[in-house]
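The sequence and the model come first.

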Amino acid sequence: MSTNSVAGKSILSFLIPLAIGAIVWFYPVPDGLTPQAWHMFAIFAATIAAILTQPLPSGAVMLIALCVVIFTKTLPEAKALSGFASGTVWLIFCAYVLSLGFVTSGLGKRIAYKMLSLFGGSSLGIAYSLGVSDLIMAPAMPSVTARSGGIIFPITRSINDVLGSAPGATGKRIGDFLTMVCFQFTPITGAIFLTGMAANPLVASLAKSSLGIEITWGGWFISAVVPAMVCFCLMPLLVYKLLDPELKRTPEAKAMGKQALGELGSMSSNEKKVAFGFVLALVGWGTSLITGLSATSVGLGLAAYLFASGAVSWKSLLNDHAAWDTVIWFSVIISLATGLADLGFIKWMTIKLGSGIQGFGAIESFIVLGILYIYVHYLFATATGHVAALYAPFAATAIAAGAPPMMVAICFGIFSNLMWGNTEYGGGPGPIYFAQGYFERPRFYKINLCVVTANVIIIFVVGMLWWKLLGYY
């Protein structure tokens, strides 16, 4: 790409958000909205556009948006800064601390190699062993890029190398299959836990502020685990059927797992400390209704333990740019989204969306909106931007149409994970897997569409049966 084209792209990345913000801001205020609410939407729309075009890093974009909100008096300063006091922000920050422990101690790799040594004797066994590794780490690692891209992917690539399955002619041996199945595992494992994906706590925060629905860590898990685990079990079989890898038996991979595990040696002191803290956190999150401790309180206690025990160093955390970046952009996006709700924009948007589905029953409306919600992600390059822009109005519209509130809140939360499996640009690990060259884009999209659609059907069918048993409707 030439210097001129790069410069032109950079200028466009600035101009597009500015143009969107200005057009909305100066457009006549629609009936039913105050000028303040409309201006809040203008700032929000420009911010989402900037997240997509990336003229600056997300944290910088959010600080600029925060200043615009304050200096235009669209929100009072206290309201604009309220996101920094959100427990949701600090829960996800604490999960990043635990994630750092998994990576720096080597516990994440140990789990993956252990699963491989036990179940890596066949192509399906390798797939499930890597999927179970992802599943075990999911509640501790909200960064899907770190979990899947940083731990699962390098092991997958090593397996493909050992088995002689490079992109191209030999990809059919097993490389195509493992690359696709590991890419599609992470949206599923992320959907099971409130701390399984960075945008999940945002879903919970929006559900509380915009819908008046409280979603606890345990409540999310109980609601999501059954339908998501059905997807977890069936998805590799579907990909296996679609790609039909040539290698069915893979004793080399099992031997590789045993060798790598042997090279790691016995568990280090830090690994044991991280594992102990992880178990304590799971117990704390799972028993919050009994203990009365919030998920954030448990997370803060976990972070304090990891620092006090020396399992994670503060200096290492200071170098973890993703964790600090999350505190900034997550706090501001919560403030902006809450401001939209408080100023009445979400309610107004719900009425408008509702008018478009008049004549549909409650469940039909829920299904139509759910399908629109997940497939419109083709237009988004980040799950967080999608959730921030569409979760509240879509969920509120389904609830207003008569769909059960908790069922809607949880289902749309699950879809907020599954949706980024549509494309290579929809979530953090996507570019990593796609860049390996195993798939041409049309084939990649076609397979993803089949897998995501199958998962959506499973979530609707199994989920609605499960949520009926839970008494959500």
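## Ser122 and the α6/α7 pair

Ser122 sits in the loop that joins α6 (107-119) to α7 (123-137). Helices here (H or I, at least four residues) are DSSP runs, numbered from the N terminus. The model is predicted, and local features need pLDDT of at least 70, side-chain atom pairs count only at pLDDT 80 or more, while totals for chains, interfaces and linings use all residues. Residues are numbered from 1 along each chain as its sequence is written, and side-chain values use heavy atoms, with hydrogens and water left out.

Ser122 counts as buried because its relative accessibility is 16%; buried means under 20% relative accessible area, exposed over 50%, and partly exposed in between (1.4 Å probe, protein chains only). Not counting residues up to four places away in sequence, Ser122 touches Lys248, Arg249 and Thr250, where contact means heavy atoms within 4.5 Å.

Two packed helices are described by the angle between their axes and the distance between the axes. For α6 and α7, the axes come within 8 Å and cross at roughly 150 degrees, so α6 is roughly antiparallel to α7. Axes are lines fitted to C-alpha atoms, for helices over the stretch in contact, and angles run from 0 to 180 degrees between N-to-C directions. Angles under 35 degrees count as roughly parallel, over 145 as roughly antiparallel, 65 to 115 as roughly perpendicular and the rest as oblique.

On the α6 side the contact is made by Gly108, Ile111, Ala112, Met115, Leu116 and Phe119, and on the α7 side by Gly125, Ile126, Ser129, Val132, Ser133, Ile136 and Met137. These residues divide into 9 nonpolar, 4 polar and no charged. Ala, Val, Leu, Ile, Met, Phe, Trp, Tyr, Cys and Pro count as nonpolar, Asp, Glu, Lys and Arg as charged, and the others, Gly among them, as polar.

## Helix pairs

A crossing is left-handed if the near helix is turned anticlockwise from the far one by less than a right angle, and right-handed if clockwise.

| Pair | Axes come within | Crossing angle | Handedness |
|---|---|---|---|
| α6 and α7 | 8 Å | roughly 150 degrees | right-handed |
| α5 and α13 | 9 Å | roughly 150 degrees | left-handed |
| α2 and α17 | 10 Å | roughly 145 degrees | left-handed |

Helix α5 (residues 87-105) and helix α13 (residues 269-286) have axes that come within 9 Å and cross at roughly 150 degrees. That makes α5 roughly antiparallel to α13. Leu91, Leu98, Gly101, Phe102 and Ser105 of α5 make the contact with Asn270, Glu271, Val274, Phe278 and Trp285 of α13. By class, the contact of α5 with α13 has 6 nonpolar, 3 polar and 1 charged residues.

Helix α2 covers residues 35-53 and helix α17 residues 321-342. From α2, Met40, Phe41, Phe44, Thr47, Ile48 and Ile51 meet Ile333, Leu336, Ala337, Gly339 and Leu340 in α17. The contact of α2 with α17 has 9 nonpolar, 2 polar and no charged residues.

## A covered helix

Helix α9 (residues 175-192) has 18 residues and spans 27 Å from its first C-alpha to its last, close to the expected 26 Å. The expected span is 1.5 Å times one less than the number of residues. As for covering, 18 of the 18 residues of α9 are buried.

## Single residues

Trp217 is in helix α11 (residues 217-243) and counts as buried because its relative accessibility is 5%. Leaving aside neighbours within four places in sequence, Trp217 is in contact with Pro139, Phe193, Leu194, Thr195, Leu282, Trp285, Gly286 and Ala295. One of these, Trp285, also belongs to the α13 side of the contact with α5.

Val162 is found in helix α8 (residues 144-162). At 46% relative accessibility, Val162 counts as partly exposed. Leaving aside neighbours within four places in sequence, Val162 is in contact with Glu252 and Met256. Val162 and Met256 are 94 residues apart along the chain, and their C-alpha atoms are separated by 8.1 Å.

Gln54 is in the loop between α2 and α3 (58-71) and counts as partly exposed at 39% relative accessibility. Asp244 lies in the loop between α11 and α12 (251-264), and at 40% relative accessibility Asp244 counts as partly exposed.

How values were computed
Helix = DSSP H or I, 4+ residues; strand = E, 2+ residues; numbered from the N terminus.
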